[in-house]
Amino acid sequence: MSTGDSFYITTPIYYPSDVPHIGHGYTTVAVDTLARWHRQAGDDTWMLTGTDEHGQKMLRAAAANGVTPQEWVDKLVTEAWFPQLDTLDIANDDFIRTTQERHEERVKKFVQAIYDRGYIYAGEYEALYCVGCEEFKPESEIVDGTGPFEGLKVCAIHSKPLELLQEKNYFFKLSEFQDKLLELYKERPDFIRPESARNEVVSFVRSGLKDLSISRSAFDWGIPLPWDESHVIYVWVDALLNYATAIGFGDDDGEFDRRWPGYHVVGKDILRFHAVIWPAMLMAAGLDVPKGVFAHGWLLVGGEKMSKSKLTGIAPTEITDVFGSDAYRFYFLSAIAFGQDGSFSWEDLAARYQAELANGFGNLASRTVAMIERYFEGIVPAPGTYAEGDLHIQHVVADAVRNADAAIERFRTDEAIAAIWTIVDALNQYITDNEPWSLAKDDAQRERLGTVLYTAAEGLRALDVLLSPVMPKATEKLWIALGAADSLGRLQDQPLREAGTWGVLKPGTSVNGLAPLFPRVETA
């Protein structure tokens, strides 16, 4: 049953310095699927995504293209980032841009609040800075350059030279929150997931925290500090605050209280910002920390992290133009253990598309609808007495609902899909074992034929509901083909945690013709 609880979930806001690649899409699709699941389960759900548009890297990119920073980010967001949402069928509730007035004004209120509470002070800072990361690098992420960068210190992530910066900045007293953060991690062991990510953060914090420079004065593309407009707010502080500003912090207390706190899903390379700096900032402001932070692994191509700068970036449309958006969503959410690194290959994608989607789910749907059309003139038959094999399908469905929902609660989309897929495998085996095409030849087996095809159709109904957060397009087509849209209403309105209740699809429902859900594709 739905609890009606608030479920606020966010992607990181993306830095739109280049076009999105499948790594960005991986995060966004995962969050969208989690949000769709909770929304359809009746929870008070809100999904946020957006873009992080300030900082030195964006300023330099705009200058290189002969336009203002605002013109540059407007072009990138409009031409690349908004279209990605449509490409991947993302049903986000809000899209925040850090150049929006609502964000900038609320950021100033937040920073002013922690300044007034005594957690910000003026000082000087000198350190190696990575423009690509927009971060002063810790020793653990500084390596010696090779090749053209021999003799220089380079970023371990971007493999590009670091810049030595010395500025008079304002600092956040991050060091004062070391013990409070460690206590948080101890009291709430699931605050950071998976466990490997939690262990990494705990080790990092135990090694000692330094105060954080939260302003820059060498450039002006950012949000000015409210008490000293010669400084702009450090881009990561600006960015992290989007999770609060988007839901009304400082202006709409009712909405903020309704939504906050929430969950954040991020790549593991930005975990420390979200699991260390962000909760410390919230503590300084006297606000609740997030409900949790989940760090997923990297997408690897040729053994390397997905990266435009290393020419391993693949645009989502390169996949969706061939296989479709549902296949994209299914593949990345099922083929990779969510929370671990995973390798992408075209060969694996093509093989899974054919075996699991076309031959598995797609064929099950097509032949079930086709046999109802052929043997019962397109009318879902009434079942007779259920035999042991029929009852087994009902148990498989009920178990799948329970196990998938539990996996979603753990943020393990891969385990949820594996649980749901037990229905696909069980129904395909059930049809093979019962041979409805043979039953149809014997008039004495008419009732048994009806029971078999009703069981297949009702199992398919439950399967369709469970898969709808993962593959919204294919499941909508099947929902219409089953006649459920007319008899049961919209697919997205079906109570997901009750999908295992048996007998929802009513005998007498008219089915409709179903074209292949996953057509054959030619791959090189």
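**Exercise 1.** Classify Asp32 as buried or exposed, and do likewise for its salt-bridge partner Arg36.

*Solution.* In this predicted model, Asp32 has a relative accessibility of 0%. The cut-off for buried is under 20%, so Asp32 counts as buried. Arg36 has a relative accessible area of 18% and is therefore buried by that criterion. The side chains of the two residues form a salt bridge with an N to O distance of 2.8 Å. Both partners belong to helix 1 (residues 22–40), where they are 4 residues apart, about one turn of the helix.

**Exercise 2.** Determine which elements are linked by the salt bridge between Asp44 and Arg259.

*Solution.* The two side chains meet at 3.0 Å, N to O. Asp44 is located in strand 2 (residues 44–51) and Arg259 in helix 9 (residues 253–259), so the pair, 215 residues apart, links distant parts of the chain. Arg259 has 4% relative accessibility and is therefore buried.

**Exercise 3.** State the strand order of the open sheet of 4 strands, and identify its edge strands.

*Solution.* The order is 5-4-8-10, with antiparallel pairing. Strand 5 and strand 10 are the edges, since each pairs on one side only. Strand 4 and strand 5 are joined by 2 bridges, and Cys130 stands opposite Glu135 in strand 5.

**Exercise 4.** Describe the lining of the second largest pocket by residue, element and class.

*Solution.* The pocket contains about 860 Å³ of space. Its lining comprises 30 residues, with Glu135, Phe136, Lys137, Pro138 and Phe204 nearest the centre. Elements supplying at least two lining residues each include strand 4 (120–130), strand 5 (135–136) and strand 10 (212–213), as well as helix 6 (195–206). Helix 10 contributes the most, with 4 residues. By class, the lining has 16 nonpolar, 4 polar and 10 charged residues.

Key
Residues numbered from 1 in each chain as written. Predicted model: local features only at pLDDT ≥ 70, side-chain atom pairs only at ≥ 80, totals over all residues. Heavy atoms only, no water. 1 Å grid on protein atoms, 1.4 Å probe; cavity = no way out; pocket = protein on both sides within 12 Å on 5 of 7 lines; lining within 4 Å. Points joined across faces, edges and corners; volume = space filled by probe spheres on them. Nonpolar A, V, L, I, M, F, W, Y, C, P; charged D, E, K, R; others polar. Pairing = 2+ DSSP bridges. Salt bridge = Lys/Arg side-chain N within 4 Å of Asp/Glu carboxyl O. Buried < 20%, exposed > 50% of the residue type's maximum accessible area, 1.4 Å probe, protein only.
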